[in-house]
Amino acid sequence: MLHISQFEKSYFGHLVLKIDNIKIPDGIFWIKGSNGSGKSTLLKSIAGILAFKGDIAIHNVYLKNHGVKFRKLVNFAEAEPIFPEFLTGTEMIGLFAKAKGATVGQENELIADMGMKAYIQNPLGSYSSGMLKKLSLVLAFLGQPKLILLDEPLNTIDVESLNVLYHWIEEKHLREKVSFLLSSHQPLDETKLSGIKQIDIKDQRLTLNF
């Protein structure tokens, strides 16, 4: 369960998002809202990237009091990932695997599924936007997270890789009880995501539609 309490996030004195007290159960959730509604802000806050007022907990592990433990429970893939260009894909994955406590060799199947073997050892500066997106998704599935956050996961991804992603989400949720928050302007294929529920952001507020 994800618990968000007394949450407020502002930029330059302008309130972007306010959540008084919401508990989101385990599951797969599609966050919907217009541009600038606060979807990315919410995901980055939950990931522990942005500072905010209030607190967020995953299964009673609070971000403000147990930051390291909390961050091991949540993985995040940005809408437009940016990585150090001098590192190779292999090196980037190695760093994340160590930080997230991934099992030995866990990344190999993910790399193969996304068709990245041919270029995974190349410098990230040579990657296209689609290749960087695939890498960000591989990183998001490393370790043993309880919650995976995917910001605009459909952007710059080909149809074959998208089907792989749907399979990963479904399998991770059913087998390991991992929850997902997905933010997407593009329609998600709800037939491939069992029991997906909707969360709306409008007028700086979060509404659970389930």
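**Salt bridges in a predicted protein model**

R175 counts as exposed, because its relative accessibility is 67%. The structure is a predicted model, in which local features need pLDDT of at least 70, side-chain atom pairs count only at pLDDT 80 or more, and totals for chains, interfaces and linings use all residues. Residues are numbered from 1 along each chain as its sequence is written, and side-chain values use heavy atoms, with hydrogens and water left out.

R175 has a charged partner. Its side chain meets that of E171 in a salt bridge, at 3.4 Å from N to O. The term salt bridge stands for a side-chain nitrogen of Lys or Arg within 4 Å of a carboxyl oxygen of Asp or Glu. Side chains of opposite charge can pair when their charged atoms come close. E171 and R175 are four residues apart in helix α6, so about one helical turn separates them. Helices (H or I, at least four residues) and strands (E, at least two) are DSSP runs, numbered from the N terminus. E171 counts as partly exposed, because its relative accessibility is 28%.

Helix α6 holds another such pair. E176 and K172 form a salt bridge, with the closest N and O atoms 3.3 Å apart. Both residues lie in helix α6, four residues apart, which is about one turn of the helix. E176 is partly exposed, with a relative accessible area of 41%. K172 counts as buried, at 9% relative accessibility.

K134 belongs to helix α5, which covers residues 129-140. K134 is buried, because its relative accessible area is 13%. Leaving aside residues up to four places away in sequence, K134 touches M114, M116, Y119, D158 and S161. A contact of this kind means heavy atoms within 4.5 Å. With D158, K134 also forms a salt bridge, in which the closest N and O atoms are 3.6 Å apart. K134 lies in helix α5 and D158 in the loop between β7 (147-151) and α6 (159-176), so the pair ties together parts that are 24 residues apart in sequence. D158 counts as partly exposed, at 35% relative accessibility.

The search of the whole structure finds eight salt bridges. Some residues are joined in a network: salt bridges link E8, K18, D20 and R205. Overall, the protein carries 24 positive and 22 negative side chains. Lys and Arg count as positive and Asp and Glu as negative, while His and the chain ends are not counted. The centres of the two sets lie 7 Å apart. Each charge is placed at NZ of Lys, CZ of Arg, CG of Asp or CD of Glu.

The overall fold was also described. The protein contains six helices and 10 strands. Its C-alpha trace spans about 45 × 35 × 35 Å along the principal axes. The radius of gyration is 17 Å, which agrees with the value near 17 Å for a compact globule of 210 residues. This radius is taken over C-alpha atoms, and the globule rule is 2.2 Å times the number of residues to the power 0.38. Of the 210 residues, 51% are buried. Among contacts between residues at least 6 apart in sequence, 68% join residues at least 24 apart.

Notes:
Buried < 20%, exposed > 50% of the residue type's maximum accessible area, 1.4 Å probe, protein only.
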